[in-house]
There are 2 protein chains.
Amino acid sequence: MSDTTATTFPVLSVLDPLEFSMQQVEKILACQVDGWRSPLEAALANLISCGGKRMRPMICLLVGNMLGAESNPLLHMAAAVEMLHTATLVHDDLVDGSALRRGIRTLNSRWPAAATVLAGDYAFTQAARLVLGTGCMPAIDLFTATMSCMVAGELAHLTQQGDLPGQEAYFNWIRAKTASLFELAAGAAAMLRPVDAGSVWAARLFGEKIGMAFQIVDDVLDFTSHPNELGKPVGHDLATGVLTLPALLYLEAHPADPDLHAITCGEKLPGPALDHLLARICTSGTLAASLDMARTFIREGLKAADTFPESPERSALEALAWSVVERKK
Amino acid sequence: MSDTTATTFPVLSVLDPLEFSMQQVEKILACQVDGWRSPLEAALANLISCGGKRMRPMICLLVGNMLGAESNPLLHMAAAVEMLHTATLVHDDLVDGSALRRGIRTLNSRWPAAATVLAGDYAFTQAARLVLGTGCMPAIDLFTATMSCMVAGELAHLTQQGDLPGQEAYFNWIRAKTASLFELAAGAAAMLRPVDAGSVWAARLFGEKIGMAFQIVDDVLDFTSHPNELGKPVGHDLATGVLTLPALLYLEAHPADPDLHAITCGEKLPGPALDHLLARICTSGTLAASLDMARTFIREGLKAADTFPESPERSALEALAWSVVERKK
């Protein structure tokens with residue numbers, strides 16, 4: 001990938017053919033936010049150019065290329081998906097009170113909430129403009145349904161806090177906030193040309209399953225990664241009272257753990273107690289169990305991909321899918 | 001209008017034929033937000049059902065009916081415009097720190113910023129789904145461009161605070177935040193059937209000009225209205241350092257006024273000093289001058305409407321336009 005985008009992941013030779021297309025996606029993204037106009041737009045442009053993993057646009061490009069989508073709508077769809085991802089990051093960081101993202105300070109830690117809200121809104125509207133650029137009504141419909149699903153999921157999660165946490169609520173939450181966007185990336189790409197409904201269904205299912213795995217791995221990395229690698233503090237979820245899969249599995253096995261019980265009651269643990277709890281979870285085997293669940297999702301995604309035509313893109317999608325559970329940051 | 005919607009304005013007999021359509025718009029709006037699902041959605045549903053003036057959907061319906069748009073897409077377009085308006089209200093109240101809206105407490109005064117952000121996002125996405133329901137690509141394009149324009153305008157206004165205020169910046173701001181939505185209401189309605197580009201242009205211009213007048217009158221009412229009528233505190237703009245047209249005209253005539261100068265420097269005036277400044281502005285003649293400017297915009301809007309076909313709807317649009325400067329709340 002281009003080194004100007006600080007793309008951090010994944011380094012897979014099967015993805016090399018995507019380099020030129022991804023550079024075009026970067027250019028389209030950069031054009032949407034004019035960093036010269038205001039300091040806030042500059043901060044948003046910086047967040048976009050800091051890259052992240054670009055998983056979603058890569059999946060979009062691979063599925064579209066595999067099924068023969070036209071280049072221009074596909075590039076716009078890939079950029080739209082990444083811009084929508086950026087918009088949700090901005091508002092989610094505000095909602096979560098996060099201070100670091102992609103190794104740089106979040107917008108909400110540098111600007112008043114008001115400015116952050118508007119910056120996120122701006123990214124949302126630019127994403128909508130990009131998807132309109134595809135001119136493909138089913139893809140536009142799916143895009144809007146995805147936006148709605150993501151926001152409704154976050155809203156449900158926010159108002160559920162305080163309820164007894166469980167796996168079902170967790171899976172619903174990550175399906176809404178993460179898997180739906182992966183489903184959009186793959187599904188909308190399949191919609192860009194008049195292919196059979198089966199391809200669209202398979203692409204959406206593939207995207208959704210990989211997205212579920214991606215989020216589970218993200219949640220595991222919050223326990224295990226080094227802050228420098230992760231670009232944000234380790235243990236942040238637990239410290240802010242958010243119970244992800246490893247903590248939920250630990251809770252099922254140790255329902256009487258007083259510290260985790262305190263967190264479920266909305267209490268904030270002092271630093272040393274939090275560190276001990278993190279250590280207990282890390283040595284309990286629930287991280288490995290979570291990764292096993294992620295692998296199950298990957299296998300389900302690959303089963304859906306079995307119906308894709310044999311092609312270099314399909315091989316790249318398969319490699320990309322497995323890289324999701326192998327990544328360290 | 002239906003009394004279940006608490007529509008407060010305007011009471012014009014020429015609008016009576018709209019009653020049934022407006023009831024359908026209310027039903028479409030109510031379906032978008034399921035108040036039973038969470039307390040936050042209930043609060044959003046309450047904000048929508050409290051009505052406000054419904055100026056934008058009424059203009060949309062009148063223009064569409066006048067030009068022969070199909071009923072179903074038109075009703076969805078009218079609901080989309082009102083939903084987009086609601087979404088911007090939620091985020092704007094958060095940005096402005098407002099405590100009251102339509103006589104009820106704002107979402108941001110009852111919920112954490114995070115919840116308010118998501119509630120606004122949700123309204124945005126529901127608006128986008130409604131506009132997609134029209135199936136009309138040019139209207140969808142204009143809708144997205146309007147969202148972008150509104151957010152960019154607020155962003156520019158936010159980052160300009162501290163600059164020396166002037167009429168040009170004020171007019172740019174209200175064009176972005178208010179007139180663009182009126183332009184959408186009228187323009188998108190004209191796009192719903194294959195009419196000549198001239199009708200679309202005239203409808204957009206009509207909407208924009210009425211919207212400019214509407215915002216100026218809103219800003220004048222912030223100085224003159226009674227809190228019970230306005231549904232929010234009087235003098236709120238000035239108290240929060242926002243200089244609208246009456247204050248800007250007063251500043252041009254009295255550049256040395258120390259209290260207004262203090263506000264332009266970002267200072268917060270004590271209550272009695274603010275009351276005296278409000279009284280000085282109210283007796284300076286700039287409120288009448290502002291209303292004169294609003295009337296000029298109305299006349300420009302009506303000039304654009306001259307090209308509309310003679311019809312009951314055109315008469316209603318003209319009456320609605322004049323009612324904008326005659327309203328007391």
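Visitor: How many residues of chain A are in contact with chain B, and with how many residues there?
Guide: Bear in mind that this is a predicted model. Contact here means heavy atoms within 4.5 Å. By that rule, chain A brings 33 residues against chain B, and chain B answers with 33.

Visitor: What area is buried between chain A and chain B, and what share do carbon and sulfur atoms give?
Guide: In chain A, L118(A), L132(A) and L155(A) lose the most area to chain B. Together these three make up 20% of what that side buries. For the interface of chain A and chain B, the area comes to about 3000 Å², with carbon and sulfur atoms giving 83%.

Visitor: How many salt bridges and how many polar contacts does the rule find across the interface of chain A and chain B?
Guide: A salt bridge needs a side-chain nitrogen of Lys or Arg within 4 Å of a carboxyl oxygen of Asp or Glu. Across this interface the rule finds 0. Residue pairs in polar contact, both at pLDDT 80 or more, number 6.

Visitor: Which helices of chain A each supply at least two residues of the side that touches chain B?
Guide: By class, that side has 20 nonpolar, 8 polar and 5 charged residues. The helices that each supply at least two of its residues are α2 (39-49), α4 (71-96), α6 (113-132) and α7 (137-160) of chain A.

Visitor: Is helix α12 of chain A largely enclosed or open?
Guide: The helix spans residues 245-253. Its buried residues are L245(A), P246(A), A247(A), L248(A), L249(A), Y250(A) and L251(A). That makes 7 of the 9 residues buried, so α12(A) is largely enclosed by the rest of the structure.

Visitor: What covers the buried residues of α12(A)?
Guide: The cover includes elements of chain A on either side of α12(A) in number. Among them are α8 (167-191), α9 (197-224) and α11 (236-239). Also included are α13 (258-264), α14 (271-282) and α15 (286-305).

Visitor: Which residue forms a salt bridge with E208(A), and how far apart are the closest N and O atoms?
Guide: Side chains of opposite charge can pair when their charged atoms come close. E208(A) sits in helix α9 and its partner in helix α8 of chain A, 33 residues apart. E208(A) is buried, at 13% relative accessible area. The partner is R175(A), at 2.9 Å.

Visitor: In chain B, which parts does the pair of R175(B) and E208(B) tie together?
Guide: These side chains meet in a salt bridge, 2.9 Å from N to O. R175(B) is partly exposed at 32% relative accessibility, whereas E208(B) is buried at 14%. R175(B) lies in one helix and E208(B) in another, so the pair ties together parts 33 residues apart in sequence: α8 (residues 167-191) and α9 (residues 197-224) of chain B.

Visitor: Is R314(B) buried or exposed?
Guide: R314(B) forms a salt bridge with D306(B), the closest N and O atoms being 3.7 Å apart. D306(B) counts as partly exposed at 48%. The cut-off for buried is under 20% relative accessible area. At 12%, R314(B) is buried.

Visitor: How many salt bridges does the structure hold over all chains?
Guide: Some share partners: E26(A), R54(A) and E82(A) are joined into one network. Over all chains, the total is 22.

Visitor: How far apart in space are A279(B) and E300(B)?
Guide: A279(B) is found in helix α14 of chain B. A279(B) is partly exposed, at 38% relative accessible area. In sequence, A279(B) and E300(B) are 21 residues apart. In space, C-alpha to C-alpha, the separation is 31 Å.

Key
Residues are numbered from 1 along each chain as its sequence is written. Chains are lettered from A and ligands numbered from 1 in the order in which they are written. This is a predicted model: local features need pLDDT of at least 70, side-chain atom pairs count only at pLDDT 80 or more; totals for chains, interfaces and linings use all residues. Side-chain values use heavy atoms; hydrogens and water are left out. Buried means under 20% relative accessible area, exposed over 50%, partly exposed in between (1.4 Å probe, protein chains only). Helices (H or I, at least four residues) and strands (E, at least two) are DSSP runs, numbered from the N terminus. Buried area is the accessible area (1.4 Å probe) that two parts lose on being put together, summed over both. A polar contact is a pair of N or O atoms within 3.5 Å; within protein, one must be able to donate a hydrogen and the other to accept it, and residues adjacent in sequence count only if both atoms are side-chain atoms. Ala, Val, Leu, Ile, Met, Phe, Trp, Tyr, Cys and Pro count as nonpolar, Asp, Glu, Lys and Arg as charged, and the others, Gly among them, as polar.
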